[in-house]
Amino acid sequence: MAAGLCPGRALLSRRGGALWALLGTARGRAAGPETHFGFQNVSEAERREKIYQVFENVAEKYDVMNDSMSLGIHRVWKDILVHKMNPSPGTLLVDVAGGTGDIAFRFLNYVRSVRERQLQQKLRHHQNLSWQEISKSYQEEKSNPLGDSQVVVCDINKEMLKAGKQKAQHLGYSEGLSWVLGNAEELHFDDDKFDVYTIAFGIRNVTRIDLALQEAYRVLKPGGRFLCLEFSHVSNPLLSRLYDLYSFQVIPVLGEVIAGDWKSYQYLVESIRRFPPQEELKAMIEDAGFLKVDYQNLNSGIVAIHSGFKL
Amino acid sequence: MLRGAAVRAALLRAVRGAPGRAGLGRAVPRAEEEEEEEEERQRGGRVPLYPGHIPTTPLQKALLAAGSACAALWDPYRHDMVAVLGETTGCLALPKLRDRMRNDPEGYRILQERPRIRLSTLDMARLGGLPDGTLGREYIRFLEDNKVSPDTRMPAKFVDDEELAYVIQRYREVHDLMHTLLGMPTNMLGELPRSVLPTDPSDGFWPIGIPDPRPREVHGEVSSIPVPAPLSSVICEVVVKWFEAVQTGLPMCVLGAAFGPVRLNARKLQVLATELLPWAVRSGRNASCVLNVYYEQRWEQSVESLREEIGIFPPPAVCV
């Protein structure tokens, strides 16, 4: 009996299953296979359109909302991601769905401080330096503070990129930073180009995650690392209930009060629930060809960092 | 005995889910239904009742009320927050208002026909061409002077009843007409030639439509030309809010009325407290329900006769 039930369950467990498609044709939509937008069922084209609009609406207040929804904890999550990356000067990073540049700025700060420490250590190790050598090393620090590290911020949404560029200007980031409009499912970069690929709180909004993972594999150099920071599933039942309560009762209200936009934040919390849990995402990353795939839960699974290598 | 019944029920359930239907028995659709129910519960347990409706749980409404009150006090230009506050706190006052409308023949007709005051439904050219002193002409003048449009009113989102959503929508759309009826235009600077403007724009106070016979000292010269002085927008809004608070009983109006005067200086507060607010409250009490007036059919009526009909006392002539 259980065996009989299981295949049925597996068939219908993916929301785009046959039964739902049958029900969906009553609505007369035929633009691509069925998928989900939060808790609604929509076509793939419609989902892309809706997600674009969501981020167009939230772009201006994106950072304020992140701070208020996560009580500032998102900053810690992003710091942990960059520390895990541990980039050395000379690293070429692509931050996909990088939007307002949070990861990119942290990356630049990190390589700058690593570079400073490198140069200081070099000075300390050389005992008898001439004045010319000392001034040359200071010049080196001034002319190349990043050590040739570069980050490319790629996002599909113009408004988010605009907000990111403004923030960069405001905070004084100019070197080693470039902004590119692009789609994670179809990147316009050459193969084997980047040392690290990151996607922070973006892969949830991609319609075809498998394509995005394949593209990530393609653009990474051999030896390159894939890092994904994303909301994930909480297994602890008590924490899960509190988290659900907070997500569904408080976050849309915050969205309405702070950004004047209930629906985008309702979408946000629903999309978190629809996203595959840790093990399933790990399997998808392995399917794309990555090796040594692992994940690290932050805050008991509210957020997880998945990591894989192209070897 | 009970255990036997339970066992039989379980067996029946198992039989209904027999593999005869290729394993797609009841268990699978039920799982889907459970998930759907969970989603419904998390969405406030209801479906949208009208376009733009967002169903909310009582907890969400409470949080919204608190949050929107703070946001509106923090930034008074967040009109959307004032609107949300009105919707989330109006659950007691709105049914009373709706009942008052139902019990009045004109109000009942409004509830049936559901007229909307919008640029698409108003004939702006015709209204602008009406004689001075008529409701239509003065309303257009108010819209032009303050550069507002009736389309900027937010639609109702958090009211969980379709008719009450219309009532609050009607209240919002009628707000500009309240300004006109009470003679409280928020800014008149646009109408006057520069040379007759007093030096201090927030100095004088004169409602529109009533000639000021006092000679005024303007730019050092005494002028006997009646010059309606520019008006302070905050005072006008506060007066209208007090009137609406008395008329509708909506908590949002009461809060707005209470907190509105907070940022005014002592002189304006005195004018408010001694002349304008008593008049607004008296008029509010005396007047019949302003939502029971079918304004769209009364554009040609003069403002004064409409005031008399509703029961609004003539605005006081105030000197500052």
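Visitor: Which residues does A:K193 touch, not counting residues up to four places away in sequence?
Guide: A:K193 touches A:L92, A:V219, A:L220 and A:K221, where contact means heavy atoms within 4.5 Å. This is a predicted model, in which local features need pLDDT of at least 70 and side-chain atom pairs count only at pLDDT 80 or more, while totals for chains, interfaces and linings use all residues. Residues are numbered from 1 along each chain as its sequence is written, chains are lettered from A and ligands numbered from 1 in the order in which they are written, and side-chain values use heavy atoms, leaving out hydrogens and water.

Visitor: And where in chain A is A:K193 found?
Guide: A:K193 belongs to the loop between strand 5 (177–181) and strand 6 (194–200) of chain A. Helices (H or I, at least four residues) and strands (E, at least two) are DSSP runs, numbered from the N terminus.

Visitor: Why does A:K193 count as partly exposed?
Guide: Because its relative accessibility is 32%, A:K193 counts as partly exposed. Buried means under 20% relative accessible area, exposed means over 50%, and partly exposed lies in between (1.4 Å probe, protein chains only).

Visitor: What separates the C-alpha atoms of A:K193 and A:P89?
Guide: They are separated by 16 Å, and the two residues are 104 residues apart along the chain.

Visitor: Let us turn to chain A as a whole. How many helices and strands are there?
Guide: Chain A has 12 helices and nine strands. Its C-alpha atoms fill a box of roughly 80 × 45 × 40 Å along the principal axes. Of the 311 residues in chain A, 50% are buried. Among the contacts in chain A with a separation of 6 or more, 73% are between residues 24 or more positions apart.

Visitor: And how many helices and strands has chain B?
Guide: Chain B contains 13 helices and two strands. Of its 320 residues, 48% are buried. For contacts in chain B between residues at least 6 apart in sequence, 72% join residues at least 24 apart.

Visitor: At what angle do helix 3 and helix 4 of chain B pack?
Guide: The angle is about 145°, and the axes of helix 3 and helix 4 (residues 79–89) of chain B are 8 Å apart. Axes are lines fitted to C-alpha atoms, for helices over the stretch in contact, and angles run from 0 to 180 degrees between N-to-C directions.

Visitor: Which residues meet there?
Guide: Helix 3 of chain B contributes residues including B:L64, B:A65 and B:S68, and helix 4 of chain B contributes residues including B:M81, B:V82 and B:L85.

Visitor: Where do helix 10 and helix 11 of chain B come in?
Guide: The axes of helix 10 (residues 233–248) and helix 11 (residues 251–259) of chain B come within 8 Å and cross at roughly 150°. Among the residues that meet are B:W242 and B:A245 in helix 10 of chain B, and B:M252 and B:V254 in helix 11 of chain B.

Visitor: Back to chain A. What is the phi of A:L71?
Guide: A:L71 has a positive phi of about 55°, although it is not a glycine. A:L71 sits in the loop between helix 4 (62–70) and helix 5 (73–85) of chain A. With a relative accessible area of 67%, A:L71 is exposed.

Visitor: And the phi of A:K292, what is that?
Guide: A:K292 is not a glycine either, and its phi is positive, about 50°. A:K292 is found in strand 8 (residues 291–298) of chain A. Its relative accessibility is 67%, so A:K292 counts as exposed.
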